[in-house]
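This report describes the inside of one protein model, its aromatic rings and a few of its loops. Please look over the sequence and the structure before reading on.

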Amino acid sequence: MILSARHWFTKIRAHIDLPLLLIVLILMAAGLVTLYSATYSDDGSRLSSQAINMILSLLVMLAAAQVAPQHLLRFALPLYLLGLTLLIGVAFFGIVVNGSRRWLSLGVVRIQPSEIMKIAIPMMLAWYFHKQEAVINAKTFAGAALILLVPVLFILKQPDLGTALLVGAAGFFVIFFAGLPWKAMLGLTVAAGAAFPFLWDVLHDHQRRRILTLFDPAADPLGAGYHIIQSTIAVGSGGLFGKGWLNGTQTHLKFIPEKHTDFIFTVFAEEWGLVGSAVLILLFICLIGRGLMIAAAAPNLFSRLLAASIAMGFFAYAFVNIGMVSGILPVVGIPLPLVSYGGTALITMMLGIGILMSIHTHRVLIKK
């Protein structure tokens, strides 16, 4: 029995990347410390709930790390088709919560299919380019754009701009690392600029208000501009070294909205200041850098593209969240990875970490 337990421990340990795991655990610990400060006077149960979420997500990470990349390659197309089918199901039969149709009831459980696409999209596009590796041309990139565009449009229709941005970014990073020409990128930028007036008409009223509020939050200080104004006040009031743990006045006087989820960086910045914020950002840089190192050392195109997309996905999460609460990006409802309260997003992120570990520790060529 002891030998069997030792065997399984050795087997699991062989597929764990210690530097990556250490960074993840530090970020999670920072999240728990900040969550306690943000919620202890309101609802202390969130801390224990998040601890359970973290344990479950770590188990998901360990399980994903054991799955060899060649098996991930086989799952890519079925997972994408499953996610797309569920998104179509949401469009017709989804549950409406707070004006958004994002959830699908499967009897005993309720799921959010857009979360599946955060992993399914990069896996599918990495599989697609892996299959087309011999000849990657303009037609190949057009096909990849279609694979990405269809689910993103379904997610936008829910409406869920934040998740659509993350899914779109995850797919774009795969296409970019597959060798998207700079001329094509320039053309896409020009086309996006030309299409902006039409896209503006497609946006919902609350989405337009968020964008307009970014440029003049004082125009509606008690409405659409409230989040940005209070958040920037809290971040700025932290100064160089912060006010100290549990001493954030903006936080504990309840000026900060969604302080345990989307605006948790505001709580952290007020209590730990510029120095603490810089350390937290440095941890994210290390996480992203480690992921890109794993991508660079991957033995085949599928693994390289998937690892690079997952690593840069953490960049998109962190950049948008910190930019949002700092007043340089619109408020779109994106959590700070591994730090914000929440179960579904955390498990999705840790699944990505597990895949990175799998790619790093399974050094075998994937069969075509």
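## Basis

The model is predicted. Residue numbers start from 1 along the chain as its sequence is written.

## The cavity

Rolling a probe the size of a water molecule over the atoms shows where empty space is left. In this structure there is one cavity of 30 Å³ or more. The largest cavity has a volume of about 180 Å³. Its lining is made up of 14 residues, and those closest to the centre are K118, I119, I310, G313 and Y317.

The largest share, five residues, comes from α13. Sorted by class, the lining has nine nonpolar residues, four polar ones and one charged residue.

## The nonpolar core

The largest nonpolar core has 93 residues. Within this core, F129, L287, L306, L338 and I353 have the most contacts. Helix α13 gives the most to the core, with 16 residues, and α13 also supplies the largest share of the cavity lining.

What does F129 touch, not counting residues up to four places away in sequence? The list consists of I136, T140, F141, A144, V174, I175, A178, L301 and L305.

## Aromatic rings

A pair of aromatic rings is described by the distance of the centres and the angle of the planes. Across the whole structure, a search finds eleven aromatic pairs. For F315 and F319, the ring centres are 5.5 Å apart and the planes are at 20 degrees, so this pair is stacked. Both residues lie in helix α13, four residues apart, which is about one turn of the helix.

Elsewhere, one aromatic cluster is formed by F172, F173, F176, F177 and W182.

## Loop residues with positive phi

Most residues other than glycine have a negative phi, and most peptide bonds are trans. L246 is not a glycine, yet its phi is positive, at about 75 degrees. L246 is found in the loop between α10 (226–237) and α11 (249–252). With 26% relative accessibility, L246 counts as partly exposed.

K254 is another residue other than glycine with a positive phi, near 65 degrees. The loop that holds K254 lies between α11 and α12 (264–297). K254 is exposed, since its relative accessible area is 56% and the cut-off for exposed is over 50%.

L336 lies in the loop between α13 and α14.

Which residues are in contact with L336, leaving aside its neighbours within four places in sequence? The contacts are I264, F265, L280, F284, A318, N321 and I322.

Conventions. This is a predicted model: local features need pLDDT of at least 70, side-chain atom pairs count only at pLDDT 80 or more; totals for chains, interfaces and linings use all residues. Side-chain values use heavy atoms; hydrogens and water are left out. On a 1 Å grid over the protein atoms alone, a cavity is a set of points where a 1.4 Å probe fits but cannot get out, and a pocket is an open set with protein on both sides within 12 Å along at least five of seven lines; lining residues have an atom within 4 Å of a point. Grid points are joined across faces, edges and corners, and a volume is the space filled by probe spheres set on the points. Helices (H or I, at least four residues) and strands (E, at least two) are DSSP runs, numbered from the N terminus. Ala, Val, Leu, Ile, Met, Phe, Trp, Tyr, Cys and Pro count as nonpolar, Asp, Glu, Lys and Arg as charged, and the others, Gly among them, as polar. A nonpolar core is a set of buried Ala, Val, Leu, Ile, Met, Phe, Trp, Tyr and Cys residues joined through side-chain atoms within 4.5 Å. Buried means under 20% relative accessible area, exposed over 50%, partly exposed in between (1.4 Å probe, protein chains only). Contact means heavy atoms within 4.5 Å. Rings of Phe, Tyr and Trp (its six-membered ring) pair if their centres lie within 6.5 Å; planes under 30 degrees apart count as stacked, over 60 as edge-to-face and the rest as tilted.
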